[in-house]
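Visitor: I would like a close look at one part of this model, and then a walk from there to some other parts. Please keep it brisk.

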Amino acid sequence: MIDFASELNEQQFEGVRAIDGPVLVLAGAGSGKTRMLTYKLAYLVYEVGVPPYSILAVTFTNKAAREMRQRVEQLLEVNLSNAWVGTFHSMCGKILRKSGEAIGIPRDFVIYDADDSVQLVKEVISDFGLDPRSLEPKKIAHAISALKRKLISPDEFLERAKTPAERTIAKIYARYDELLRKAKAVDFDDMISLVVRMFRTRSEIRQRYSEEFQYILVDEFQDTNESQFAFLRELTRTHQNITVVGDDDQSIYSWRGAQLRNILDFPKYYPGCKIIRLEKNYRSTAHILETASVVIAHNRMRHAKRLYTTAPAGERVKLVRAPDDYAEARYVVQRIVDLMDEGIPAGEIAVLYRINALSRLFEQELRQRGIPYVVVGGVGFYERAEIKDILAYIRLLVNPADDVSLRRIINTPRRGIGATTVQAIAELAESAGVSMYEVISSGEPLPIRPKQRKSIEAFVELIEDLKTDIDSVLPSVLIQEIVERTGYVRQLMEEDSIQARARIENIGQLVAAAQEFESQSDEPTILNFLGSVTLMTDVDRWKKGEDVVNLMTIHAAKGLEFEAVFVVGLELGVFPLTRALQDDEQLEEERRLFYVALTRAKRFATVTYTIQRSRFGSVEELGRSPFIDELPQDKLDVVDLVPEGSIVFRSVEYARSREEVYDSRYSPGIVVWHPFFGKGVVMEVRGAGERTIVTVDFPNFGRKKLVAKF
């Protein structure tokens with residue numbers, strides 16, 4: 001027998017018992033929302049007598065759905081294989097397979113993932129004779145996905161289109177959907193939007209499912225998008241027995257379509273809904289919880305709530321000011337060592353950052369100290385695609401017989417050299433017993449189309465030019481030449497997406513890593529640099545489940561908890577991102593992200609920021625994040641690593657291959673060009689020789705302080 005009242009707190013039990021009509025459960029961080037939802041499912045089956053197949057329980061991950069099902073089975077000691085417990089996509093996919101033929105979707109449809117969608121968009125662009133260079137397939141696929149999440153059909157979008165670009169997208173969208181249907185396929189967004197369409201056009205089908213699902217439970221409701229909420233509203237047109245659980249203060253996924261207004265406006269869609277607040281936090285100490293609560297209170301778009309805990313006050317939140325990012329990494333890793341010495345397991349420690357590019361120095365410092373770590377929800381710095389691309393160029397320059405590297409970069413950035421052409425080259429190399437590069441650089445005519453032949457000749461010329469100084473040029477200089485000569489960053493800048501900007505940031509970090517290698521190595525050769533990078537990428541020895549320090553973005557940390565958390569890089573343009581400073585809604589989401597980061601910590605929370613940070617080979621003074629000023633001073637333990645009155649400057653030693661005096665090349669007012677920031681105007685010049693610092697104003701990036709040699 002389950003004693004629900006004794007196993008739940010008063011508010012959780014209230015949420016479990018509220019079964020008739022709409023219920024909004026505002027569940028603060030660490031308040032046991034998953035426990036409440038799990039017990040509610042069990043309560044409906046055990047106490048109310050609802051058949052499991054008459055309950056629809058929706059979560060956002062398969063893991064969460066599996067754990068919910070398992071917990072209920074353990075509580076009730078019954079098999080719930082016939083229960084509808086899963087993600088929005090899995091549940092809608094199940095409905096679509098059962099009933100989709102009513103709108104022309106066959107039962108045996110296949111599901112296209114994001115990569116499949118991009119490939120299909122490429123095919124459509126090619127069929128229409130459009131230029132894929134001006135119509136980025138990934139951006140078009142993303143636009144189509146966004147339209148489907150908003151339930152906008154191709155015809156509807158065409159009617160709304162106001163510009164030639166929008167009309168072109170509408171045309172591609174329509175043909176894309178035609179090809180999907182022809183292939184008996186649906187994409188990820190179709191799985192929900194098609195069910196909504198079916199419910200709206202075939203009322204008898206909607207009625208059947210609405211009657212089948214007597215009760216609907218939804219977890220992480222703050223993360224729902226427009227189509228997901230529409231799906232729920234269609235199901236509750238017959239009855240309104242729906243319980244949604246979420247926390248508007250943890251809504252951090254607008255970039256993938258989540259709509260904060262769904263949870264804010266739930267009472268408007270369901271007048272008279274019961275609102276229950278889970279405000280007792282079971283995770284964090286009082287100091288951490290109160291600090292996070294003070295910060296999030298600055299947001300206006302939220303439901304009022306006040307979290308509390310019966311846990312001890314604990315240590316104050318540490319606020320650390322470091323002179324630069326190297327000192328920041330050293331401090332954090334030393335603190336990690338101290339915590340481990342105090343008995344905190346490495347697996348209970350997390351370093352959280354806003355952008356992936358910040359992980360490199362922490363990875364490097366942990367590696368140097370021999371501390372095992374894992375990059376969660378992503379890949380290590382040297383395993384990222386853009387880093388591997390640049391390193392593949394270097395490897396091919398050093399070793400032209402490296403077919404793996406050649407395959408990776410021969411069409412990166414895009415040169416119009418397709419898979420068929422590459423395969424033909426590979427077959428020629430195989431039959432001749434030589435490398436692929438030897439085939440394309442031999443001067444012998446290739447049995448391929450003239451256009452591809454011309455592209456390959458240009459590629460060979462590029463590689464041969466880059467090889468000229470391979471024995472004398474510095475690694476950092478070679479990376480810059482590769483980036484500039486290939487147009488790699490230029491193409492990313494033209495893409496102008498969040499992901500592209502992050503990749504540009506990562507390439508800048510690779511330059512910084514090469515410069516550091518040069519300053520520390522007695523022989524800063526290209527070959528030695530590649531050797532050092534190879535050692536850095538050897539993290540496979542850390543198996544999943546081992547006791548390792550966790551490095552991750554804050555988005556990846558959502559739903560997790562750790563004994564100790566370090567939130568790093570609290571500077572303007574890093575956290576919050578620059579674009580958020582111009583938009584109140586985006587700034588509030590950045591603040592929610594900071595709140596999520598702080599509330600991952602159980603006992604120890606540390607926030608760090610720097611005076612200077614290395615980006616793209618420059619030393620930038622970004623200014624501290626406005627969130628720092630929102631922290632309650634009486635809850636902080638301030639650690640200042642910058643002695644009062646000192647001048648913060650970190651010099652970078654460059655290799656000795658060039659002896660030019662750089663300051664004479666620059667003067668205020670002249671126009672310069674930078675491979676990452678583009679065109680800019682020199683505003684100030686300080687210093688002399690290799691340590692000349694040039695302040696440049698870039699239209700799209702603002703003022704940057706650059707080492708002239710860079």
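Which residues make the nonpolar surface patch of about 230 Å²?

Guide: This is a predicted model. The patch is made by Val671, Val681 and Met683. Its area is about 230 Å².

Take Val681 in particular. Val681 sits in strand E18, which covers residues 678–686. Its relative accessibility is 32%, so Val681 counts as partly exposed. The cut-offs explain the label: buried means under 20%, exposed means over 50%, and partly exposed lies in between.

Now the domains. The domain assignment gives domain 5 as 670–707. Domain 3 is in two pieces, 296–372 and 547–640. The C-alpha centres of domain 3 and domain 5 lie 30 Å apart. The assignment also lists domain 1 (10–101 + 192–278), domain 2 (110–183) and domain 4 (381–539).

Next, a strand with a different setting. Strand E1 spans residues 23–27. Five of its five residues are buried. Both faces of E1 are covered. On one side are Val23, Val25 and Ala27, and on the other are Leu24 and Leu26.

E1 has strand partners. Strand E8, residues 274–278, runs parallel to E1, and five bridges join the two. Within that pairing, Leu26 stands opposite Arg277 of E8. Strand E7, residues 242–246, also runs parallel to E1, with four bridges between them. There, Leu24 has Val244 as its bridge partner.

Two helices follow. Helix H5 covers residues 88–99 and has 12 residues. At 1.5 Å a residue H5 should span 16 Å, and its end C-alpha atoms are 16 Å apart, so the two values agree. The buried residues of H5 include Phe88, His89, Met91 and Cys92. Gly93, Ile95, Leu96 and Ser99 in H5 are buried too.

Helix H18 covers residues 385–398 and has 14 residues. From its first C-alpha to its last, H18 reaches 20 Å, close to the 20 Å expected at 1.5 Å a residue. H18 is mostly covered, with 10 of its 14 residues buried. Among them are Ile387, Ile390, Leu391, Ala392, Ile394, Leu396 and Leu397. Glu386, Asp389 and Tyr393 of H18 are buried as well.

Back to the start. The patch is made by Val671, Val681 and Met683, and Val681 counts as partly exposed. In E1, five of five residues are buried.

Technical notes. Residues are numbered from 1 along each chain as its sequence is written. This is a predicted model: local features need pLDDT of at least 70, side-chain atom pairs count only at pLDDT 80 or more; totals for chains, interfaces and linings use all residues. Side-chain values use heavy atoms; hydrogens and water are left out. Buried means under 20% relative accessible area, exposed over 50%, partly exposed in between (1.4 Å probe, protein chains only). Two strands pair if DSSP finds at least two bridges between them. The expected span of a helix is 1.5 Å times one less than its number of residues. Domain bounds come from an automatic or database domain assignment. Patches are made of residues with over 30% relative accessible area and no salt bridge: like charges are joined within 9 Å, nonpolar side chains (Val, Leu, Ile, Met, Phe, Trp, Tyr) within 5 Å. Accessible areas come from the Shrake-Rupley method with a 1.4 Å probe; for residues, only the protein chains shown count as cover. A salt bridge is a side-chain nitrogen of Lys or Arg within 4 Å of a carboxyl oxygen of Asp or Glu.
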